[in-house]
Amino acid sequence: MAIASLEKRLGSDVKRAAKTWFSPHMAAASRAVSERIPLVDLVLEIRDARIPLSSEYAHLRNFSSSLERIIVLNKMDLANRSEIKEWMRYFEQQNCISFGVNSHNKDNIKEFLKFLLARVKELKKIDHSSYTATIMLVGIPNVGKSALANSLHQIGRISAAEKGKLKHAVVSPIPGETKDISSLKVCFRWLPSKLMKRIGSHPNVYVLDTPGILPPDILDVEMCSKLALTGAVKDCLVGEKELAQYFLATLNLSDEYKKWEKLCTKENERSTTDHRLRFLGRSELDAKRKRQYPTDHTQDFVVHDARRTLFETISSFHGDLEKEKDLSRLIETQFTALQEAFRVASESGEDAEHKVAAKLLNLYRTGRLGHYTLDSLPRNIQ
């Protein structure tokens, strides 16, 4: 497949940058986390729902299968819903407990917290509620560990307060990247601590966030490319333009763009609306335009233009997307067309492509350009 060539080039760049990401800090953090895992009651392995296999926390392979672990598929709002269900069925067949979450959805977090507290009580096998349990969050970078820890703490604190069981809680921001390993060790040794957040009382349950850790070497170039696209490694290590090209290849070979067909009709409706505003008076049109900021690609009307542009370029393309040359030609056409959709000045040349790439990646990573599960289920699934 043509996309395989893109994955190979991108993945090779990521592999070459491995020495950059696996710094002495990450190596020390890896050792510290591994030493403390046996001391906690439950481990939550946070994975990115878009890459359920590629985002595995490889260090857990060093522990026995008896480790109390739950695989948490975070960012489920960015992945394909039907495929998430298939992945959860796969993990069940592997005798792994899994749960899909969206860290920013309060109802979903409430449901997950209820599940966690029930699990803790089951593990402890104690009827009374005077004990304390510790849950550790582990995972690779940028899978949303800190966001999940904060959400669990916030919802847990509110729920307990409503029941009159919790008047005070240990509250402190969790850094997105812990660099002070001595601080990390202290936080593991003394409970509760600034890296721990209380998520429940009766029993007392604390959740501990940890730094995102990648293995020192990843052999699979396809896995490397997926980690890069979802933001597990810094964009500067491989280049935003290359990542945007990989996303466009993924989009072009999927059916996600077909959902945007109606936008072509809506574009006509919008033109009709503007015409009516001109008929009603200049002041109404000016008022509408003042609420729009063309340079802000996150505004709905800009996102709609980007979706419409992508739909039109894919739908009108008559080449063979399984051929690398044809796929590259379509991607080049899309980069040019998106300059207008994103209101990027064409005279800026190469800089224009980088601006388009940055805006495109941001919209993909926030779910504004569809929902994708990049990992395929293993073939041996029943």
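Backbone and cavity

Q: Where does Lys 75 sit?
A: In this predicted model, Lys 75 lies in the loop that runs between strand 2 (69-74) and helix 4 (81-93).

Q: What is the phi of Lys 75?
A: Near 65 degrees, which is a positive value in a residue other than glycine.

Q: Buried or exposed, that Lys 75?
A: Lys 75 counts as buried, because its relative accessibility is 16% and the cut-off for buried is under 20%.

Q: And what about phi at Arg 343?
A: Arg 343 has a positive phi too, near 60 degrees, and is likewise a residue other than glycine.

Q: Which loop is Arg 343 in?
A: The one between helix 13 (324-341) and helix 14 (350-365). With a relative accessible area of 34%, Arg 343 is partly exposed.

Q: Changing topic. How many cavities of 30 Å³ or more are there?
A: One, from a search of the whole structure. The largest cavity holds about 40 Å³ of space.

Q: Which residues line the largest cavity?
A: Ala 2, Leu 6, Arg 9, Glu 324, Leu 327, Ser 328 and Ile 331.

Q: Which helices supply at least two residues of that lining?
A: Helix 1 (2-16) and helix 13. Helix 13 gives the largest share, four residues.

Q: How many of the lining residues are nonpolar, polar or charged?
A: Four are nonpolar, one is polar and two are charged.

Definitions and conventions: Residues numbered from 1 in each chain as written. Predicted model: local features only at pLDDT ≥ 70, side-chain atom pairs only at ≥ 80, totals over all residues. Heavy atoms only, no water. Buried < 20%, exposed > 50% of the residue type's maximum accessible area, 1.4 Å probe, protein only. 1 Å grid on protein atoms, 1.4 Å probe; cavity = no way out; pocket = protein on both sides within 12 Å on 5 of 7 lines; lining within 4 Å. Points joined across faces, edges and corners; volume = space filled by probe spheres on them. Nonpolar A, V, L, I, M, F, W, Y, C, P; charged D, E, K, R; others polar.
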